[in-house]
Amino acid sequence: MIAIRKAAERGHADHGWLDTRHTFSFADYYDERYLGFRGLRVINEDRVQPGQGFPTHGHRDMEIVSYVLAGALEHKDSMGTGSVIRPGDVQRMSAGTGVLHSESNHSRDEIVHFLQIWIAPERRGLPPSYEQKHFPEAEKRGRFRLVASRDGADGSVTIHHDARIYAAVLDRGQALAHPLGAGRHAWVQVARGAVTLNGAALEQGDGAAVSGEPALAIAGRVAPAEILLFDLA
């Protein structure tokens with residue numbers, strides 16, 4: 001079964017400095033039909049104006065992954081980490097027992113566009129930690145590149161949950177297949193372009209929950225098409 005979450009139906013808030021769209025219930029947006037999927041809790045598509053950002057605030061017991069599509073995102077946290085995340089970078093912050101952080105647009109003249117992803121940790125009370133790695137587009141072109149996993153396989157960042165996150169960039173007509181193991185589920189998020197998923201058309205910003213399917217067949221429709229695939233317990 002495939003259930004499509006259309007981009008236009010997501011929650012939306014425009015705060016001036018931040019234009020954000022929520023795949024799942026978040027902040028002031030609540031829809032009891034969309035509280036998350038499996039361990040996946042948040043997919044926010046954020047665009048932050050130049051020189052603006054999220055001021056210092058706290059989190060606990062959540063795996064937070066940032067995936068930058070355009071521009072540069074500046075990160076600072078109470079663990080002493082300071083970094084800039086650019087397209088191709090994947091940032092993972094385990095909030096654990098508690099962490100304070102800020103995220104802001106590093107540029108004074110360009111919007112930063114990124115996906116903010118939250119995944120529930122496999123257990124509470126983990127020590128806070130941070131990780132950031134770069135995955136060149138060449139490694140994602142025409143293939144699934146593992147960018148996050150429970151065991152840090154293939155140089156991916158480590159998340160404390162039974163999940164594997166893949167990124168792929170597809171030309172028009174280029175196709176990929178991903179088998180789903182017994183009892184596994186998937187979420188597919190279209191970051192840019194358009195694809196088909198097992199024959200169903202998905203546009204930019206669309207997502208799809210997949211359960212009870214033996215495999216996923218994904219093909220590019222509007223190039224470049226960039227997707228994230230979450231393989232979930």
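Rings of Phe, Tyr and Trp, the six-membered ring being used for Trp, pair if their centres lie within 6.5 Å. In this predicted model, Phe24, Phe37 and Trp187 form one aromatic cluster.

**Aromatic and charge–ring contacts**

- A search of the whole structure returns 5 aromatic pairs. In the pair of Phe37 and Trp187, the ring centres are 5.8 Å apart and the planes stand at 50°, so this pair is tilted; planes under 30 degrees apart would count as stacked and planes over 60 as edge-to-face.
- Distant parts of the chain are linked by this pair, since Phe37 lies in the loop between β3 (18–22) and β4 (40–48) while Trp187 belongs to strand β17 (residues 185–197), 150 residues apart.
- Both partners are buried: Phe37 has a relative accessible area of 13%, and Trp187 has a relative accessibility of 3%. Each value falls under the 20% limit for a buried residue.
- A charge–ring contact is found at Tyr34, where the charged end of Arg5 sits over the ring, 3.7 Å from its centre.

- Strand β6 (residues 63–70) pairs with strand β11 (residues 112–119) in the antiparallel sense over 7 bridges. Within this pairing, Ala70 has His113 as its bridge partner, and Val65 has Ile117.
- β6 also pairs with strand β9 (residues 89–94), again in the antiparallel sense, over 5 bridges. Here the bridge partner of Ser66 is Gln91.
- β6 is mostly covered, with 7 of its 8 residues buried.

- The side chains of Asn44 and His22 make a polar contact at 2.9 Å.
- Neighbours within four places in sequence aside, the contacts of Asn44 include Thr20, Arg21, His22 and Phe26. Phe114, Leu115 and Gln116 are also in contact with Asn44.

**Strand β17 and its partners**

- β17, which holds Trp187, is mostly covered: 11 of its 13 residues are buried.
- β17 and strand β20 (residues 215–232) run antiparallel and are joined by 11 bridges. In this pairing, Ala194 stands opposite Val222.
- Strand β19 (residues 207–210) pairs with β17 in the antiparallel sense over 4 bridges, and Val188 stands opposite Ala208.
- Strand β18 (residues 200–202) pairs with β17 in the antiparallel sense over 3 bridges. Leu197 stands opposite Ala200 in β18.
- The hairpin of β17 and β18 has 2 residues between the strands, and Asn198 takes a positive phi near 50° in this hairpin.

How values were computed:
Residues numbered from 1 in each chain as written. Predicted model: local features only at pLDDT ≥ 70, side-chain atom pairs only at ≥ 80, totals over all residues. Heavy atoms only, no water. Buried < 20%, exposed > 50% of the residue type's maximum accessible area, 1.4 Å probe, protein only. Lys NZ or Arg CZ within 6 Å of the ring centre and 35° of its normal. Pairing = 2+ DSSP bridges. Polar contact = N/O pair within 3.5 Å; in protein donor to acceptor, adjacent residues only side chain to side chain. Contact = heavy atoms within 4.5 Å.
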